[in-house]
Each structure stands twice: as structure tokens, then as C-alpha cells.
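Here is my note on the structure for a colleague who has not seen it before. The points are numbered so that each can be checked against the view.

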Amino acid sequence: MGIEVTRADCYVSNLDKRMAFHFGNVVATEGPHHFLEIELEIDGERAEGVSMVGMAPMWFLKDPDLSLAESTARLLEVFDAARDHALDAGPAQTVFDLWYDVYDRQREWGEGTQHPPLLWAYGVSMIEQGIIDAVCRHEGITFADAVRDGRLGIEPGRIYAELEGANVDEYLADEPTREAAVRHTVGLTDPLEGEAMDADERLNDGLPQALDEYVERDGVSHFKIKLSADEDRDADRLAHIGEVLEASPLESWFCTVDANEQYESVRAFKDQWERHVDDPSLAAVVDSVAYVEQPLPRDQALTGETRDVLTDWDERPAIIIDESDDRLDSAGRALECGYAGTSHKNCKGVFKGVVNACLIEKRRREDGGENEYVMSGEDLTTIGPVELLHDLAVMGTLGMDHIERNGHHYYRGLSYLESDLQETVREAHDDLYGRREEGFVALDVEDGRIAFDSVIDAPFGRAFDLDPSRFTPLEEWEIESMLE
């Protein structure tokens, strides 16, 4: 296959959140999204694809001294550079080769800037998803099949030497998952009990708002709980969440916790976690925790001190990285430091996530059950009409049976889209989306699960055509428009 990027056009849409999302030291209240329409030449034929990525720079930067406008400007600089590098890249033999070339160009550029790797790699992911979308639609092939039959040319050995010569289908499940439990996000300031909310806090927009309402109305039993690293605050919050879950109809539940880099050191995290474990008032949640996500800042997560503490801690919980997964080989380095694994988010790289899954499965098979290994499915508030579908296509291919989903929580379904586009998405994916009595289309969660056969069976998850030019061209969009 000869493949080359010949055109890349960018658009933006300001998509309003229904409520603020508080995680770590960040409060996200705005939700603009960036659309890329990419054109390829594949063996002399033209192919078009689309990608959609959230403009959420504060998760990548975590710099309290930067304003939202300043952070967004940096994000757009990264997107612009990635687009230029994709257009400058010469013809490649495979999709993986083309991605790798763009990644190398972006890395070389990014290392000469103030942008952290997690941020500049986001630009590569935007290009990567657009290329995969174009190729899958051109070939009429699903993402799962394209990964397994070698159509995308994925070479795990180019990232990890121990995977040299391996085929990804050796380590992935024989069939993709087609439904999954929703792991509901409980943000630091999200309401826990509907009856305790003041009238002026109520959205009354046809969707659940408090934790107990999601349990009652959607049947969710999997939860991702945000930690602040303030011991007293977290203890009170965890105890309250436990009381809500114990008072609910649920007979059992599954929890993960996410600190978003908030602990200053590995010893501080270890000390606080052990106190939480020893506190009987927190047992309802803590005893149900499957793993802890990214407790340490990026500059502390993979140090020698962290490795020494984690590997000597016999009773440590399973701990994974997320924000620290900012290089192609970060997951491997994390495993050597005593972590159980990493998360997958498309924003960190689709091919990287596939290779990480292969690495973790290989280690699991070789380990003989001595250690726990985790490849989790997390969320960067992915939403429709495109971003969520791409995300689920990859999550299903990786075999995820529970996935953090928060886009349905912090946005009011697809109500931010024009009605015709909402209906197009619903008709194409009526197992995943349904129409609410209030008239808008939203994710259809039943018994705490979502079904996405239609996503797995569509080329890179998208069973409809989309013309991104219906949104605002990037050159006409102003950062200030999202602050109005």
C-alpha cells in the first residue's frame, strides 16, 4: 500500500457542558471540540476521513498559572504542527509507517518547545485517528479486522524489542467486545444525593445529576472516583459515597480511584492510602477498589524512589499510570517501576494503546499469576458525533468489559448538535443512542451497560457520513468565543 496525506482541514465547534468537571487542580467548564477532515492518496485513489478531539488543554498541562485561553493557544499550536508534519511526510507503505513518521517529526519539533510530551503527542493522535478513519472507510473494513489481519501494518517490535516479530492478534481477544459496563465518573464536586441538592443546583434537563440518580435510573454499578490528595477531604468524600452505595439497590459494586497527579510523592500516597485502608468507615468503597490511577505527578511517577517504594510495598494496590503514559515506551517503564499497567485513551495514541495491550498481555502470560496486570479503558470526556465512536471501536478491539464514560454525564446527550445530525447519529447507532422524552438524543445506558454492535461493525466505528464544514473553520474561530 502506498499512502500519503494530501489535505488536512480543521474546524471547531463550541459544545456546551451541562455541568463543571472538577478533577485534580482543574475545573473544566467549557467544551469546544476540534474536527479534522483529512484526505489521503492510497495507491493512487482518494480517501477521506474525519477525527474529532476535545480541546481540553488543562488535563495535558496542569499549569495553574496558565489561563484557559493561553492553554488553548498552546493546544492549537500542537494541532497545527501535527497537521504540517502529516502533510510534509512522504508516501508510506503502511498506515503504521505513516503514523510513526508523523510521530517522529512531531517529537523532534516538540522537544524544542515548552510543550510537554503528553500535549504534543495529542496532535499526533488527532492525525492518527483521521488516517485510520479514512483507510477503514476506503477499504470498507472495521477497525477490529484491520488490526487483526495486518491491514494497518502495526509492528509492536518497533516500540518494544520483546515484541519483535509478534502479531497483535497473538495477544488480543479473538473477538472484540460489543457491550461494556459504564464506569461512572464521580468528580470532586459532583453531587452524591439528589434530595440533598439545592433547587438552584438542579439542572432539570432530563438526565440524572447526582450519583444516587445514576444508580437508580441507569443501573450503574461501576464507578471511578476522583481523589484530591487532601486526606480529610477524601476520607469524608469516600465515606459519603460508601453510604450512598450501601443505601442503593446495588448488591455489589466495582470502583477505581483517580488522583490525577495530586500526591506530592510516592511516600505521601502510600501513607495516606494505608490510613484509608485501615479506616472502617471507608471500607464500602476502599474494599471495592480494583486499581488506583496516576497518584503521582509526571516528574515523580517513574523515578528510582518510586520504583523502590512500590516494589517493596507488599500490600500495595494495583496502580496504573495515565498522564505519565506520554512516550511510546512509558507503559514498559511503568511496569519496571512496580505499576500494574496503564490506561488507554485515544488521545494518547491508538497504535500505542494496541501495543501496550499486547505488552501487558505478554507479561501477564509469562508471570504465572504472581502479579496483577491492568490495561484499563479511561475517558477524556469523549462525546459524539465522532470521538466517542472512534473511542469505542478501539476499546472493543482491546477487549474492555468496563470503560470509564463521563461524556454522557457532563454533556446533555447530543443536544449541542443540530437536530438533523442528532438524528443521523441515532439512526446509524440506535443500539448506542436513544431519543429522550425531552426530544434530544443521548447515550442509552441500561442496567449500567452500553451496547455498541453498530460501532464494532462500522469502519472505525462510524456508520454515517459527516461533512465537518458544517462547523466553524479553524481560521475563523476565536478562542474568546468559548469564554462568552
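1. A search of the whole structure, which is a predicted model, finds 52 salt bridges. The next points take up some individual pairs, then a network, a sheet and a surface patch.

2. One of the salt bridges joins Glu139 to Arg151, with 3.3 Å between the closest N and O atoms. Glu139 lies in helix H4 (residues 117-139) and Arg151 in the loop between H5 and E6, so the pair ties together parts that are 12 residues apart in sequence. Glu139 is partly exposed, with a relative accessible area of 32%, and Arg151 also counts as partly exposed, at 32% relative accessibility.

3. A salt bridge is also formed by Asp258 and Lys226, whose closest N and O atoms are 2.7 Å apart. Because Asp258 belongs to strand E8 (residues 254-258) and Lys226 to strand E7 (residues 222-226), this pair ties together parts that are 32 residues apart in sequence. Are these two residues, Asp258 and Lys226, buried or exposed? Both Asp258 and Lys226 are buried.

4. Asp258 and Lys226 also belong to a network of salt bridges, in which they are linked with Arg183, Lys224, Glu293, Glu378 and Glu404.

5. Arg435 forms a salt bridge with Glu423, and here the closest N and O atoms are 2.4 Å apart. The pair links distant parts of the chain, with Arg435 in strand E14 (residues 433-435) and Glu423 in helix H16 (residues 419-428), 12 residues apart. Arg435 is partly exposed, with a relative accessible area of 40%, and Glu423 is partly exposed as well, with a relative accessible area of 21%.

6. Turning to the strands, an open sheet of four strands runs in the order E5-E4-E1-E17, with antiparallel pairing. E5 and strand E17 (472-473) stand at the edges, each with a single partner strand, and one side of each is therefore left without a neighbour in the sheet. In general, the strands of a sheet pair through backbone hydrogen bonds, either parallel or antiparallel.

7. Within this sheet, strand E1 (residues 3-14) pairs with E4 in the antiparallel sense over 11 bridges. Tyr11 has Phe35 in E4 as its bridge partner, while the bridge partner of Arg7 in E4 is Glu39. On E4 itself (residues 32-42), 10 of the 11 residues are buried, so this strand is largely enclosed by the rest of the structure.

8. E4 also pairs with strand E5 (residues 45-54), again in the antiparallel sense, over 10 bridges. The bridge partner of His33 in E5 is Gly54. How many residues lie between E4 and E5 in the hairpin they form? There are two residues between them, and Asp43 in the turn has a positive phi of about 50°.

9. Finally, Asp145, Asp169, Glu170, Asp174 and Glu175 gather on the surface in a patch of negative charge. Among them, Asp169 has its place in the loop between helix H5 (143-148) and strand E6 (179-186). With a relative accessible area of 39%, Asp169 is partly exposed.

Key. Residues are numbered from 1 along each chain as its sequence is written. This is a predicted model: local features need pLDDT of at least 70, side-chain atom pairs count only at pLDDT 80 or more; totals for chains, interfaces and linings use all residues. Side-chain values use heavy atoms; hydrogens and water are left out. Patches are made of residues with over 30% relative accessible area and no salt bridge: like charges are joined within 9 Å, nonpolar side chains (Val, Leu, Ile, Met, Phe, Trp, Tyr) within 5 Å. Accessible areas come from the Shrake-Rupley method with a 1.4 Å probe; for residues, only the protein chains shown count as cover. A salt bridge is a side-chain nitrogen of Lys or Arg within 4 Å of a carboxyl oxygen of Asp or Glu. Lys and Arg count as positive and Asp and Glu as negative; His and the chain ends are not counted. The place of a charge is taken as NZ of Lys, CZ of Arg, CG of Asp or CD of Glu. Buried means under 20% relative accessible area, exposed over 50%, partly exposed in between (1.4 Å probe, protein chains only). Two strands pair if DSSP finds at least two bridges between them.
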